[in-house]
Amino acid sequence: MDFNNILKVIKPTQEENEKVKLLSDKLIDIINKIARENNINAEATLVGSVAKGTWLSGKADVDIFMKFPLSTSEDDLKKYGLKLGDKCIKEMHGDHELRYASHPYITGFIEGFEIDFVPCYIIKNAEELKSAVDRTILHTEYVLANLGEKQKGEVLLLKKFMGSIHTYGAEFKVGGFSGYLCELLIIHYGSFLNVLNAASSEWRPNYKIDIEDYGTGELFSEPLVVIDPTDKNRNVAAALKLQKMSEFIVASRNFLSNPKEEYFFDKEIDLSKSEIKTEFESRETKTFLIRFKPPEIPADALYPQIKKTENSLNGVLEREDFKVFNADSWTDESQNVIILIEMEIWKLPRIKKHLGPFVWSKGHQVKFMEKYGNKAYVEENRWVAEVERKYKEVKPFLDNILVENKIGFLKFGKHIKAEILKKYELVDILEFMGSDKCSEDMLLFFYEYLNKNVYLWR
Ligand SMILES: Nc1ccn([C@@H]2O[C@H](COP(=O)(O)OP(=O)(O)OP(=O)(O)O)[C@@H](O)[C@H]2O)c(=O)n1
Ligand SMILES: [Mg+2]
């Protein structure tokens, strides 16, 4: 396989490069000018993949950082950071949006590009770190100093491969590999193929990569540990979930055993509502959807809260003797959250065994007998009683706990609880798919749920 063919498509053209460079230079000049005019002690600089020459064609998200001296208070950093970004976007007649990382920052949409204006502190090394984004400047410097020209192409291949197998992005929604992590993997292993070879034959849970030999690997217990060359106390792969690490390993093996150009491009999926419906039916499980509106919180806070809700629902169902086969969740981040719960056992008999005291405990036996009378009997060393089950079916059970005085038993964020208490829909997936509420995005989510490996091979 000739990687140059791929690079021709995914590498920004000279024209594209010049356009981004021109725009970012202009934005930096504007920020610096506004700062001077308003006596704000700050200086703009280009960071991220555009500065490092590791951005994919058509995907230029420009990261402009505004550096403040360490003596600046955090309040001033936030205030002036937002002000500079805002004024610059206005001057360029762009649209803007407020976003949140470790502190709020502003994103502009200018001339078809997405631009992050992020305030940070000027630091010389990680010891001076005041906010999480401060490292970014150090990262950019490190990559520029250690990544060769040819290796930039290798980074592009790796990022694109990661993207099309759905393991790219450190945001909580994905839990995959960040851009900086891809760059470090190329710096460490030398090439795209070397990374895939190592992943498919050497990587194990808690595998450690320590490029600068800091010897701090033992501090970390995550699935993959890549010590940040600019900060010996940080694992660059901290956000990588075991699931995504495993998926990358499997896709690497698939690619190596049968390399195809298709691995570098999005997989086309033909969605057929009737086929998906038939497949859910033929599984002979029962699948419920809980649908509600997402609370207005940042995406990186929303996804973990949804996951927690899903896990908690899972737990209460199992405690009630229902058996969950699998569960997953999805959101469009504005109108819908869907928690999908596929049941292996969703109907239970009228009676259940209730475990009582040990027979050696005289006092407890008296109380148990008072309560259960002739329904109680001895089994081995314990009293048991056959009692009526309160909930024989999933739907009434869930409807009963998703109400004001019961929802407290579920462990999940207060924002989600508030939304569910306002309104939720609990419905069988087959019924839902027959309604006009089922969008293409939701259909894709159902398809991916049924075809978990779909992106891992071509
Ligand atoms: N979880 C993250 C996200 C970002 N960063 C830092 O912020 C910079 C910009 O972030 P982002 O735009 O997400 O990554 P890029 O490297 O620019 O990659 P790309 O935009 O091509 O995905 C990164 O280079 C990195 O130094 C980080 O340290 N940890
Ligand atoms: Mg970027």
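**Exercise 1. Sort the residues of the shell around ligand 1 into nonpolar, polar and charged.**

*Solution.* The shell divides into three classes: 4 of its residues are nonpolar, 6 are polar and 3 are charged. Keep in mind as you work that this is a predicted model.

**Exercise 2. Find which residues come nearest to ligand 1, and which elements supply the shell.**

*Solution.* Step one: look around the ligand, where 13 residues are found. Those that come nearest are Gly 48, Ser 49, His 139, Ala 170 and Gly 179.

Step two: turn to the elements. Two or more residues each come from helix H3 (48-52), S2, H5 and helix H7 (179-189). The greatest share belongs to H5, which gives 3 residues.

**Exercise 3. Explain why ligand 1 lies between domain 1 and domain 2.**

*Solution.* Check each domain for shell residues. Domain 1 (3-144) contributes to the shell around ligand 1, and domain 2 (147-264) does too, so the ligand lies between them.

**Exercise 4. Work out the strand order of the sheet with 5 strands, and say which strands are at its edges.**

*Solution.* Begin with a reminder: strands of a sheet pair through backbone hydrogen bonds, in a parallel or an antiparallel way. Here the order reads S1-S2-S5-S4-S3, in an open sheet with mixed pairing. The edges are strand S1 (43-47) and strand S3 (95-100), each of which pairs on one side only. From one strand to the next, the twist averages 30 degrees.

Finally, follow one pairing in detail. S3 and strand S4 (residues 104-110) run antiparallel and are joined by 6 bridges. Along this pair, His 96 stands opposite Gly 108 in S4.

**Exercise 5. Describe the sheet with 3 strands: what is its order, and why is one side of S6 and of S8 left without a neighbour?**

*Solution.* First, the order is S6-S7-S8, again an open sheet with mixed pairing. Next, the edges: strand S6 (207-209) and strand S8 (231-235) each have a single partner strand, so one side of each has no neighbour in the sheet. Neighbouring strands are turned against each other by 25 degrees on average, direction ignored.

To finish, take the pairing of strand S7 (residues 224-228) with S8. This pairing is antiparallel and runs over 2 bridges. Asp 228 has Asp 231 in S8 as its bridge partner.

Technical notes. Residues are numbered from 1 along each chain as its sequence is written. Chains are lettered from A and ligands numbered from 1 in the order in which they are written. This is a predicted model: local features need pLDDT of at least 70, side-chain atom pairs count only at pLDDT 80 or more; totals for chains, interfaces and linings use all residues. Two strands pair if DSSP finds at least two bridges between them. Helices (H or I, at least four residues) and strands (E, at least two) are DSSP runs, numbered from the N terminus. Axes are lines fitted to C-alpha atoms, for helices over the stretch in contact, and angles run from 0 to 180 degrees between N-to-C directions. A residue is near a molecule or strand if its C-beta atom, placed from the backbone, lies within 6 Å of it. Ala, Val, Leu, Ile, Met, Phe, Trp, Tyr, Cys and Pro count as nonpolar, Asp, Glu, Lys and Arg as charged, and the others, Gly among them, as polar. Domain bounds come from an automatic or database domain assignment.
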